[in-house]
Amino acid sequence: MASVHLCGPKVASAAMAKPALADGLRIPTSSSARPVPTGRRLRGLVVRAATVVSPKYTSVKPLGDRVLVKTKTTEDKTAGGILLPTTAQSRPQAGEVVAVGEGRSLGSNIVEISVPVGAKVIYSKYAGTELEFNDTTHLIMKEDDIIGILDTDDVKDLKPLSDRILIKVAESEEETAGGLLLTQASKEKPSVGTVVAVGPGPLGDDGSRTPLSITPGSSVLYSKYAGSEFKGSEGEYIVLRSSDVIAVLSS
């Protein structure tokens, strides 16, 4: 079948004026259906990630083992004073507990929430349900989503909860065994560190806690992609569950 190439403004307008035929049926084109007036713009959709609580409600009471946390405002600049674009601002992982539920049921026992109202906490990165309440962003999350209590601005002072462990990550090796210097990109992410603090242990069926066998000061090997990473004044830290620790190292 021979092909014909058409060009030029007259040809283009003619093509628009005569819609194509398919098996004798005239097919309308979207461009000829209704012209869009010049100078008129389509409105963009506004998507809210959080559930907005109406002002008529004056309080939010979490149920069960859930906790209501008022999130910390995301920093809009770096420590060096460089302004961050919205895409570069990470979602905050810190906040203040403003309300707690009645606790968790374990058999016939009710275990109360171990985190008090007013505590400054660190929580898992994608934990909870976000909501706007009193013009402020909050999260409702399970108590188990809270990593630890942090009374200062430095993660080295974190008090882990449940079976979590705070580890100071060992520094990456600067050179290979053969003496070759490594660039930053080629340095392997370490999975070795020193235990700084441990939580009180997991809850048993009777509501009591089982102490962890890992103690502060121990050198440990942990799963490579486990836990939540943080930067402190003295280096990098990671908070993970005791089950993510693979081995205890000794010299």
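Accessible areas come from the Shrake-Rupley method with a 1.4 Å probe, and for residues only the protein chains shown count as cover. The structure is a predicted model, in which local features need pLDDT of at least 70, side-chain atom pairs count only at pLDDT 80 or more, and totals for chains, interfaces and linings use all residues. Residues are numbered from 1 along each chain as its sequence is written, and side-chain values use heavy atoms, with hydrogens and water left out.

**Exercise 1. State the accessible surface of the chain and the share of its residues that count as buried.**

Step 1. The accessible surface comes to about 17,500 Å². Carbon and sulfur atoms hold 54% of this surface.

Step 2. A residue is buried under 20% relative accessible area, exposed over 50%, and partly exposed in between (1.4 Å probe, protein chains only). Of the 251 residues in the chain, 28% count as buried.

**Exercise 2. Describe the open sheet of six strands and identify its edges.**

Step 1. Helices (H or I, at least four residues) and strands (E, at least two) are DSSP runs, numbered from the N terminus. The chain has two helices and 18 strands.

Step 2. Two strands pair if DSSP finds at least two bridges between them. The six strands follow the order β16-β17-β13-β14-β15-β18, with antiparallel pairing.

Step 3. β16 (228–232) and β18 (245–249) each have a single partner strand, so one side of each lacks a neighbour in the sheet.

Step 4. Gly232 has Gly235 in β17 as its bridge partner.

**Exercise 3. Is Tyr126 buried or exposed, and where does Tyr126 lie?**

Step 1. Tyr126 lies in the loop between β8 and β9 (129–133).

Step 2. The relative accessibility of Tyr126 is 67%, and therefore this residue counts as exposed.

Step 3. Between Tyr126 and Asp145 the separation is 19 residues in sequence and 9.1 Å in space, C-alpha to C-alpha.
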